Amino acid sequence: MKTIIRTLLFAGVLGVAAGCGGNGKKTAAQPVEDVVPEVSVVKVASRSVDQLSVYTSTVEPFVKNNIAPQNVGRIQKINVEVGDFVKAGQIVAEMDKVNLQSAELQMKNNEIEYNRLQGLFDAGGLSQSDLDAIKLAYEVSKTTYENLLENTVLRSPVDGVITARNYDKGDMYSMSSPIYVVEQIKPVKLYVGISESDYTKIKKGDTVEITVEAFPGTIFYGKVNRLNPTIDPATHTFDVEIVVPNNYRSLRPGMYARVTVKFGSNRNVVIPDIAVVKQSGSGERFVYVLNEDNTVSYCNVHLGRRIGAEYEVLDGIEDGASVVTEGQVRLKDGIKVAVKE
């Protein structure tokens, strides 16, 4: 009985095989011809490639000043508010003037006395030492008055914008914080950390590009103003100061910015990004290069910067090579291919 069952099963298998063959007559597996993969290729060439690095930074005022008197006193006037633009020398606040008025009177009395004694000295009725004594008293009182004036009538030291006001009219200034903070934002500055390897490639006066999220698509241009001569031991980078004219006051302190710095240019092979294949399970990149006998070779590549829809190749491909840009999925090293017209 078992023999009969095996015979029937074997016959069924033959029947199925004959049906998959297509004509119902073949009872044995037929050899399948190798299919030659079709690929698209492009010939690559070397060209000059700008060597750029992008850094993140924060916009800072070119100058930041705290406006406050030298001594404790009551605030009589508050002339500007946060957000106001002020000119250098503009009066922003005034303190109690009692001490200033007293110093002014003393200075004027000394000036009158000095002028009177100068006449006596010219007439021969006064010694040089007496004249020098009153002159010294006058100059001391004048210096005292000018110092009190500077600390009573408060002026902005720069053209800028008021970014903080910590007191109101009538408050007693307590020296705990400045009355005003004024920031010069025309120009502004940014700092980026340049690595040791790139430090020698940048110099004062180099132009850089700045972009900010507040103005998408807009590029601001700045120049390298200062290079710190010492390295930061924590980051192993050199601080580089960049100054942006900011003529229209578009950039404001605190804005997040991206700074693109150019470190010259190199001549390297450039390939389309669609030619690059990532090796599964690793960070390696490779491309397939077409040989003269229509086989392809698997080549590891060391990529540089991305340029739009292309990559700079630092190592791995020679100038003039033909690289596969379509059909890589079915390829392996040494396989023969057919190139699409």
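Student: Which residues are linked in a network of salt bridges here?

Tutor: Start with the idea: a salt bridge is a side-chain nitrogen of Lys or Arg within 4 Å of a carboxyl oxygen of Asp or Glu. In this structure, E81, R165 and D168 are linked in such a network. One thing to keep in mind is that this is a predicted model, where local features need pLDDT of at least 70 and side-chain atom pairs count only at pLDDT 80 or more, while totals for chains, interfaces and linings use all residues. Residues are numbered from 1 along each chain as its sequence is written, and side-chain values use heavy atoms, with hydrogens and water left out.

Student: How many salt bridges does that rule give?

Tutor: The count comes to 12. Let's take R47 and E310, whose side chains meet at 2.6 Å, N to O. R47 lies in strand β2 (residues 45–58) and E310 in strand β18 (residues 310–315), so this pair ties together parts that are 263 residues apart in sequence. Those strand labels come from DSSP: helices are runs of H or I with at least four residues, strands are runs of E with at least two, and both are numbered from the N terminus.

Student: Are R47 and E310 buried, partly exposed or exposed?

Tutor: That reading rests on relative accessible area: buried means under 20%, exposed means over 50%, and partly exposed is in between (1.4 Å probe, protein chains only). R47 has 33%, so R47 is partly exposed. E310 has 26%, so E310 is partly exposed as well.

Student: What about E241 and R226, how far apart are their N and O atoms?

Tutor: Their side chains meet in a salt bridge at 2.8 Å, N to O. E241 sits in strand β13 and R226 in strand β12, so the bridge ties together parts that are 15 residues apart in sequence. Now look at the accessibility: E241 is buried, with 4%, whereas R226 is partly exposed, with 48%.

Student: And which residue does D273 pair with?

Tutor: D273 forms a salt bridge with R306, and the closest N and O atoms are 2.6 Å apart. D273 lies in the loop between β14 (256–272) and β15 (277–278), and R306 is in strand β17 (residues 296–307), so parts that are 33 residues apart in sequence are tied together. R306 is partly exposed, with a relative accessible area of 43%.

Student: Let's move to the surface. Which residues form a nonpolar patch?

Tutor: Patches are made of residues with over 30% relative accessible area and no salt bridge; like charges are joined within 9 Å, and nonpolar side chains (Val, Leu, Ile, Met, Phe, Trp, Tyr) within 5 Å. Here, V72, M172 and M175 form one, with about 280 Å² of accessible area together. The areas come from the Shrake-Rupley method with a 1.4 Å probe, and for residues only the protein chains shown count as cover.

Student: Where is M172 found?

Tutor: M172 is in strand β9 (residues 172–173), and at 39% relative accessibility M172 counts as partly exposed. M172 and N65 are 107 residues apart in sequence and 21 Å apart in space, C-alpha to C-alpha.

Student: Which peptide bond is cis, the one into P187 from what residue?

Tutor: Read omega here: the bond from K186 to P187 is cis, with omega near 10°. P187 is in strand β10 (residues 180–195).

Student: Last one: what volume does the largest pocket have?

Tutor: Rolling a probe the size of a water molecule over the atoms shows where empty space is left. On a 1 Å grid over the protein atoms alone, a pocket is an open set of points where a 1.4 Å probe fits, with protein on both sides within 12 Å along at least five of seven lines, and lining residues have an atom within 4 Å of a point. The largest pocket has a volume of about 200 Å³. Its lining has 13 residues, of which N71, V72, G73, D96 and N99 lie nearest the centre. β4 (73–78), α2 (98–122) and α3 (128–152) each supply at least two lining residues, and α3 gives the most, with 3.

Conventions:
Grid points are joined across faces, edges and corners, and a volume is the space filled by probe spheres set on the points.
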